[in-house]
Amino acid sequence: MARRNDERRVALTDAALEVLARDGARGLTFRAVDKEAAVPPGTTSNYFLNRDDLLTQSGARVYERLQPDEATIARQREASRDRETYAALMRELVTRVSSFRTGYLALLELRLESTRRPALRALLTDRVRADVEANIAYHEASGLPGDAMAVKLLILTLNWLIVEQLTLPDVFSEEEREELVTAAVERIVREE
């Protein structure tokens, strides 16, 4: 039976994200997580039923850590409701997500691994679908210009820009990335 110390479980899933980002899904073992978390050998196996459990809980942890803090949400609620503000919000989003480099790289590893693990695929599918729906609902409630299709197109566009930034950072300069985000908003989001 898996242990219930939530603080230790979070530390272990955070360590698993570090291992995933550095060594890939094939390098994710209980022993590697124990070492990364600097805990006694066998600790991870006390908290996760098996490797699939560790993978799925690590996937959920990435999304927990990617959520904006309350101050960011409050600031976004107070911002004006035009495309210029929308572009600024999207540039901030790309910066925030990109700053969690290990988490995003771990998420990419989890997505690849999900092609071989149905339980992980189901978890990630549900989580990403819920994330898309939450982004659409937030957008609709915010009064920002554009529709649900614009939100989906921006998610797809900006996700790949983040992948590019994290894996091949010299393809585009920081200025070019900011211009690309602004251009994506201007071309995808219609003023109504």
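User: Before we start, what counts as "contact" here?
Analyst: Two residues are in contact when heavy atoms of theirs lie within 4.5 Å. Keep in mind that this is a predicted model.

User: Okay. Which parts is the chain divided into?
Analyst: There's domain 1, residues 1-61, and domain 2, residues 68-188. Their centres, taken over C-alpha atoms, are separated by 26 Å.

User: And how many residues of each are in contact with the other?
Analyst: On the domain 1 side it's 14 residues, and they are in contact with 12 residues of domain 2. Between them the two domains bury about 1200 Å², with 66% of that on carbon and sulfur atoms.

User: How many salt bridges are there between domain 1 and domain 2?
Analyst: The count is 2. For the structure as a whole, you get 10 salt bridges.

User: What else is R117 in contact with, leaving aside neighbours within four places in sequence?
Analyst: Besides D52, there's R51 and L55. Take L55: in sequence R117 and L55 are 62 residues apart, yet in space their C-alpha atoms are 9.7 Å apart. The R117 side chain also makes a polar contact with the side chain of E113, at 2.7 Å.

User: Which elements give two or more residues to the side of domain 1 that touches domain 2?
Analyst: Those are α1 (6-23) and α4 (51-66). The largest share, 7 residues, comes from α4.

User: What classes of residue are on that side?
Analyst: On the side of domain 1 that touches domain 2, you'll find 6 nonpolar, 4 polar and 4 charged residues.

User: Let's zoom out. How many helices and strands does the chain have?
Analyst: It has 10 helices and 0 strands.

User: What box do the C-alpha atoms fill?
Analyst: Roughly 55 × 35 × 30 Å, taken along the principal axes.

User: New topic: what does UniProt place at residues 6-66?
Analyst: The unreviewed entry puts the feature "domain: HTH tetR-type" there. Over residues 6-66 the model is 77% helix and 0% strand, and the end C-alpha atoms are 19 Å apart.

User: And which residues does the "DNA-binding region" annotation cover?
Analyst: According to UniProt, again an unreviewed entry, that's residues 29-48. This span is 65% helix and 0% strand, and its end C-alpha atoms lie 11 Å apart.

Notes
Residues numbered from 1 in each chain as written. Predicted model: local features only at pLDDT ≥ 70, side-chain atom pairs only at ≥ 80, totals over all residues. Heavy atoms only, no water. UniProt positions renumbered as here; feature names shortened; annotations may be inferred. Helix = DSSP H or I, 4+ residues; strand = E, 2+ residues; numbered from the N terminus. Domains from an automatic or database assignment. Buried area = accessible area lost by both parts, 1.4 Å probe. Salt bridge = Lys/Arg side-chain N within 4 Å of Asp/Glu carboxyl O. Nonpolar A, V, L, I, M, F, W, Y, C, P; charged D, E, K, R; others polar. Polar contact = N/O pair within 3.5 Å; in protein donor to acceptor, adjacent residues only side chain to side chain.
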